[in-house]
Amino acid sequence: FRDIQRYNPAWCNNLDSPISSIETSAAFCFVGTRAGDLFRISPKGEIEDRINLGEEISSILATKDGGMLTGRIDGTLRRFDSSSHQLWSYTVKWQPMNWDNWTRGNCTILDLATDDFDGETRIITGCADRHLYAFSTNGKLLWRSPCQWGPAAHIAIAAIGSQQENQILV
């Protein structure tokens with residue numbers, strides 16, 4: 001920003017570590033840090049909760065039930081309920097692919113999305129290992145699919161085609 005003085009923030013917090021990811025909604029803001037801290041912040045800027053997940057948080061997604069999903073740089077996906085209690089976790093194991101030198105060993109969770117597929121909510125995870133992963137809401141790995149030309153850094157889900165079926169866009 002050229003003229004930062006003209007922006008008047010609603011609130012400001014000084015956290016212990018640089019911010020690595022943010023997720024916002026009307027009810028709260030989740031902030032993840034490089035030190036592995038996850039903060040739930042109220043619309044007034046008050047820190048309501050702080051959890052340490054042990055390693056840098058690379059992605060956060062608020063869920064419709066008031067909970068959240070987090071991804072870490074070590075490939076760990078976690079689901080929390082609305083009270084910040086962990087429901088489950090899953091750690092992605094690196095899998096070799098053709099031309100894998102530039103992603104070797106890297107399983108960072110890059111992006112998260114949820115939506116309805118055939119009447120069931122699915123959690124879709126883009127990983128630096130050049131794969132998409134789909135999970136059930138109870139943490140069961142449903143499938144893994146390679147992304148031929150690079151990591152799935154950004155995921156969108158859209159109803160496409162004459163049947164308006166949800167499709168994953170990478």
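# Close-up views of a predicted model

**View A. S42 sits in the loop between β3 (37-41) and β4 (47-52).** The model shown here is predicted. S42 is buried, with a relative accessible area of 5%. Leaving aside residues up to four places away in sequence, S42 touches W11 and E48.

**View B. β5, β6, β7 and β8 make an open sheet of 4 strands.** The strand order is β5-β6-β7-β8, and the pairing is antiparallel. β5 (57-62) and β8 (86-91) stand at the edges. Each has a single partner strand, so one side of each is left without a neighbour in the sheet. From one strand to the next, the twist averages 15°.

**View C. β5 pairs with β6 in the antiparallel sense.** The pairing runs over 5 bridges. Two of the residue pairs can be followed here. A62 has M68 of β6 as its bridge partner. S59 has G71 of β6 as its bridge partner. The hairpin of β5 and β6 has 5 residues between the strands. In this hairpin, G66 takes a positive phi near 90°. As for burial, β5 is mostly covered: 6 of its 6 residues are buried.

**View D. β6 (residues 68-72) pairs with β7 (residues 76-80).** The sense is antiparallel, over 4 bridges. T70 stands opposite R78 in β7. G71 stands opposite L77 in β7. G71 is also the bridge partner of S59.

View E. With 5 of its 5 residues buried, β6 is largely enclosed by the rest of the structure. Within the sheet order, β6 stands between β5 and β7.

**View F. C107 and C127 form no disulfide.** How far is the sulfur of C107 from the closest cysteine sulfur? The distance is 4.8 Å, and that closest sulfur is in C127. A disulfide needs the two sulfur atoms within 2.5 Å. The gap is therefore too far for a bond. Seen from the other residue, C127 is in no disulfide, and its nearest cysteine sulfur is that of C107. By this rule the count comes to 0 disulfides.

**View G. C107 and C127 again, now for burial.** Are these two cysteines buried or exposed? C107 counts as buried, at 5% relative accessibility. C127 also counts as buried, at 0% relative accessibility. The cut-off for buried is under 20% relative accessible area.

Technical notes:
Residues are numbered from 1 along each chain as its sequence is written. This is a predicted model: local features need pLDDT of at least 70, side-chain atom pairs count only at pLDDT 80 or more; totals for chains, interfaces and linings use all residues. Side-chain values use heavy atoms; hydrogens and water are left out. Two strands pair if DSSP finds at least two bridges between them. Helices (H or I, at least four residues) and strands (E, at least two) are DSSP runs, numbered from the N terminus. Axes are lines fitted to C-alpha atoms, for helices over the stretch in contact, and angles run from 0 to 180 degrees between N-to-C directions. Buried means under 20% relative accessible area, exposed over 50%, partly exposed in between (1.4 Å probe, protein chains only). Contact means heavy atoms within 4.5 Å.
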